[in-house]
Amino acid sequence: MKKKQKLKKYLPMAALVLVALGILSFIGLELYRVMTPDYVTETAETYVADDSVGVSGFFVRSETVLPELDGLKVLHFREGEKVGKGQAVATVYRNEESLALQQELNDLSIREEQLLYALSVGEGNTGTALRLDGEILDKLKTLRSYLAADNISARSDTVIESLRTLVLQREFRADGDTEEALQAVESRLQQLRSQVSGASQSILAPVSGIYSAVVDGYESILTPDTMVELTPSLIGHVEPGSEASETGKLISSSTWYYAAAMPKEAASRLRKNNAVTLRFIGRATEDVRCSVYELGKTDGDSQVVIFSSNRQLANFSVDRSLSCEVIFKSYEGLRVSKKALRVNEEGQSGVYCMVGLTARFKPVSIVYSSGDYAIVTADDPSRETLRLREGDTVIISAGELYDGMVMN
């Protein structure tokens, strides 16, 4: 009996709690519905899209393999540097002793020049000291520019040697010690010249060109004369020859070629002498502007296309096989989702953007589309406020839209 009375006592309170919870849930749902927009937006951003196709192929160049001589070799050029016909690409010494004597001869020749200079300017010549200070400063600036550009080459070595000579000249003074030092150096030089005579041979450049230390065996296989015989099935399966040389080679023509197998459909978009852009995968070099040299042999659904260029040859001196993108055309504009594109009552293409709390229609022209996005440019309406700009909030989905519609 007492339990029933207690239940009757708490029933009204429980019912009141349930009603309150129901009201709060309803209010929460309404607030969520009101505060949650019924649309999705994105930001219009500047974008560059490429109409391109990926290919793999070989570099083809006119290359001359340098001869190999027995002995200790000292190379005089670095990768990608220009070499003139008749210049010594390398010097080969009979043994380590000959190499050490030659190094001593080189060092003493520099010392002789420095001592002669010190004697010629005399001691206490303020004008000469000031001039040397200026030359030292110029050499330091030049060296700093090479280091900043990460351009450590034979030219920077020459600057370092010149800098060392200038510093020593700045410190030298013409006195009795200087004359004695010069006599000792000249005596030793005379001995060294007789000792090193005939102890080395120079490897001279038979042609002018770009130096490369890499000899991969394709120098006589892939040539400008034989590349027109390549078929799509051969691309990627060309076997190297037996050439080998630790001296390196010279790329003897300023024009280089890139032979690649392309899908016939893509190749059909090209014409001989057309200009295209190649972007080599995994290389930090800039895009290379090339021309279509030859539309070659076909095999199934593929065709060989040969491109030619005379730009950035030194950047690819060590490369033979690389993948790249053949870029037919690039499109630049504002990137928007295809779902955002609408056509208004006047048949004009455009997108709706959030302007304050309203949707405003901004007309655009579609210049390129791929996948789920399009590249558009803003049409030039009479009102500048209706021009689509980078950073505008574009409405992607919101059901039916009209210009001036107040958005939730």
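S308 lies in strand 13, residues 302-309. Strands (E, at least two residues) and helices (H or I, at least four) are DSSP runs, numbered from the N terminus. With a relative accessible area of 11%, S308 is buried; buried means under 20% relative accessible area, exposed over 50%, and partly exposed in between, with a 1.4 Å probe and protein chains only.

A word on the model itself: it is predicted, so local features need pLDDT of at least 70 and side-chain atom pairs count only at pLDDT 80 or more, while totals for chains, interfaces and linings use all residues. Residues are numbered from 1 along each chain as its sequence is written, and side-chain values use heavy atoms, with hydrogens and water left out.

Stepping back, the chain has six helices and 20 strands. Of its 408 residues, 36% count as buried. Among contacts between residues at least 6 apart in sequence, 76% join residues at least 24 apart. The accessible surface of the chain comes to about 23,700 Å², and 52% of that belongs to carbon and sulfur atoms; such areas come from the Shrake-Rupley method with a 1.4 Å probe, and for residues only the protein chains shown count as cover.

A search of the whole structure finds zero of them, a disulfide being a pair of cysteine sulfur atoms within 2.5 Å. For C290, the nearest cysteine sulfur is that of C324, 8.2 Å away. C290 counts as buried, at 5% relative accessibility, and C353 is buried too, at 1%.

Now to the aromatic rings. Rings of Phe, Tyr and Trp (its six-membered ring) pair if their centres lie within 6.5 Å; planes under 30 degrees apart count as stacked, over 60 as edge-to-face and the rest as tilted. The structure holds 13 aromatic pairs. In one of them, the ring centres of Y331 and Y368 are 4.8 Å apart and the planes are at 15°, so this pair is stacked. Because Y331 belongs to strand 14 (residues 321-337) and Y368 to strand 17 (residues 358-370), the pair ties together parts that are 37 residues apart in sequence. Y331 is buried, with a relative accessible area of 18%, and Y368 also counts as buried, at 18%. Elsewhere, ring pairs link F59, W256, Y258, F280 and F316 into a cluster.

A charge sits over a ring if NZ of Lys or CZ of Arg is within 6 Å of the ring centre and within 35 degrees of the ring normal. R269 lies over the face of F328, at 4.1 Å from the ring centre, and the charged end of R335 sits over the ring of Y373, 4.1 Å from its centre.

Our last stop is E325, in strand 14. E325 is partly exposed, with a relative accessible area of 24%. Leaving aside neighbours within four places in sequence, E325 is in contact with S52, V53, G54, T277, L278, R279 and I281. The C-alpha atoms of E325 and I281 are separated by 7.4 Å, although the two residues are 44 apart along the chain. The side chain of E325 also makes a polar contact with the side chain of S52, at 2.8 Å. A polar contact is a pair of N or O atoms within 3.5 Å; within protein, one must be able to donate a hydrogen and the other to accept it, and residues adjacent in sequence count only if both atoms are side-chain atoms.

Definitions and conventions:
Contact = heavy atoms within 4.5 Å.
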